[in-house]
Amino acid sequence: MKRFWKSGDPFIWLTGGALALSLLMVAGLVLLVLCNGLGFFWPSPIVRLTLSDGKELLGQVTQREAIPQPDAPTGTTTRYRIQVKVGNRDLYGADFVWVEEATIARRDSPAEAVLIERREWGNLYGFIKEVRDNERTVAQGSEMAWSTLQTLLPDATSTFKEIRRIEKTELGAINSAQEKIRLTLKKLQLSGQEGGAEAERLTTEIDGLAAKYHAQEARLATLREASRQTIVVSVIGDKETELPLQQIVRIIRPNSMGVWSKGGVYLSRLWEFISGDPRESNTEGGVFPAIFGTVMMVMIMSLLVAPLGVLAAFYLREYAKQGVLVSIVRIAVNNLAGVPSIVFGVFGLGFFIYLIGGSIDRLFYPEALPTPTFGTGGILWASLTLALMTVPVVIVATEEGLAAIPPGMREASLALGATKFETTWRIVLPAVSPSILTGLILAMARAAGEVAPLMITGVVKLAPSLPIDGVWPFVHLERKFMHLGFHIYDVGFQSPNVDAARPMVYTTVLLLLLVVLILNLATILIRNRLRKQYASSVF
Amino acid sequence: MIEISKLTLKYGEKTALQDISLDIPKHQVTAFIGPSGCGKTTLLRCLNRMNDLIDGVTVSGTIRIAGIDIHDPALEITELRKRVGMVFQKSNPFPKTIYDNVAYGPRILGMRGQSTLDEIVERSLRAAALWNEVQDRLRSSALSLSGGQQQRLCIARAIAVEPEVLLMDEPCSALDPIATGKIEELMADLKQQYTIVIVTHNMQQAARVSDYTAFLYLGQLIEYDATRQLFVKPSRQQTEDYITGRFG
């Protein structure tokens, strides 16, 4: 037995076992998220249940679980219940219903049952009755209505998209131009030049813009007039509802679709998830603004943390006189990594937003006050806060890299007549760049996942626009933004419709993991290329 | 060429060099020999003020190179190091291409222009007897060369800036006999253009390559004479003991 311990074998097994366990846990987590998340978009069949009391339900089965019976004697058969997504929230209030399996009298899957994803109010389950155009019935009966719908729907969708585009881009641009002029007028007013020529010129400009606005609104009105097509759907409970075609995102008959068409719907839903905007209080639609916000914030944070961390590390290691003071600074920097992230958020709020942002507002944007421009949360302050939070990681990684550079290299450069700065710039910096990138990878991974400090420094549940758009100055660092981590929190815990939101949580988690993975892979590839070039660096 | 007068160097309290005075002639090879820890590398590094990089070093006495006091505050240290080049014990090529290694010095001096640099690189590599072996792979990494080639690259790099003095700190200690032989041949060629000061552990090497030899022991200069004189008929008993191997 003693020989077993002495040979060192148990420790090899221990390390191997620990590694295997960690890998299993990570794999288990990823698998759980994958299964729950990816299955969300597959169109499941619509079932019609007739209960023993005569009630009918039409919808998709989402869950099945055993009913807990704590008081029943042992040996009783387990009873199950299923959760059915019946949609039609505007008609019946709740879109998820629990049904005990024992009460189901009949269960069938009607081939013409239709699932309509709407822009508001969620899903609609029912049977198509007829298609109308401007109050006039154009098609009747399930089959005819379906084929007419296939021809009419693309036009309706593109008209809707055009209306949205005019609203967002054109009217939006006119609005922001008007706002700008209003602020400039207010600025003139504050500096006492109210009646001058400048003010007159601006007032005429506003009038011109108002005219443009009216023209666009007229265009919108004509577009809306032209599209008055609706579809009449009959739902369970002997009710009928009329739905404008423009409200339809997608309409499918899952019971009569083959694997290929279901696959097509899956891919189109996946694409919508990645590239579309959220609807229904973030429980439906896409998460593109959150992806955009996360990536942009990580980029800005990297731009801020890299020079800060690298310069600090260089100073500590190369230029400062090594003594008590430098040791204290180093200890302080390392301890900074242990401060809870919410504390950083509060610091960001107090220092960056109120103090610095408030001062910027008073100096540069006094005409907008009391509405804050930079004196409130925004993507700049959030990135800055996170940069501060991850700076210790970059400093430590860079310092390790600097320590690993053989001193002979520096001496060789100095002996050739180079100054210390030239040596640092031409020899040391390229040699330490792989270590800097290591620090950056760690910093990005940490930053992409943090949510607490972001909540106070500029992340919102729903942002009206992206931080980058077509309006000068194109990059708006004062805007609030959406973030995948916060989105997960919001959808999972703050949603008014928990059952609809839960599957979204898995898919968003998957997406966040993917985004972090891609960012890390890109940086690792760059680091490997640099390592090949500057082979002497080991870290 | 180099006049060292009453040079004393201390690391903190410990005296490393005591009252050293000697004159190194131009266009000759001068060797510093002595047992480990006698101060020969320290003395060598005084000549291009590389000891300034170490904290707590105090230097007194004067060193004049080509008539200029190298400790004069008005003299730019980078200027000194351009005129006094150094090759180290362990070859330390930069992790760059062979071309960029040799062109590093000239680029620091501000030389631009592809053809100027090409010429300098070729000239230096030829002088270091490396050109034939690397002329068709100038853009490959310097770290891919063998030990002997890397050391010759360092020599080429040092002479690319055309210094007046070349300091070599045990340049062959990490090399095999064939590579050593090549570098010793090189020194015989180089001394026509440069003044060479070499530190070596290997007495036979000192006897082979140098014209003048200085024997140091425990920070003091024991004897300094023409090599033939010192090795055949040393004037101090200590020198004779060292040369004959009674202590090492």
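A residue is termed buried if 20 or more other C-beta atoms lie within 10 Å of its own, exposed if 12 or fewer, and partly exposed in between, with C-beta atoms placed from the backbone. The model is predicted: local features need pLDDT of at least 70 and side-chain atom pairs count only at pLDDT 80 or more, whereas totals for chains, interfaces and linings use all residues. Residues are numbered from 1 along each chain as its sequence is written, and chains are lettered from A and ligands numbered from 1 in the order in which they are written.

Helices (H or I, at least four residues) and strands (E, at least two) are DSSP runs, numbered from the N terminus. In α4(A), A:A145, A:L149 and A:F160 are buried. α4(A) is followed by A:G192, whose phi is positive, near 85 degrees.

Strand β10 (residues 239-244) of chain A is hardly covered, with 0 buried residues among its 6. β10(A) pairs with β9(A) in the antiparallel sense over 6 bridges, where pairing requires at least two DSSP bridges between two strands. The two strands form a hairpin with 3 residues between them, and A:G237 in the turn has a positive phi of about 100 degrees.
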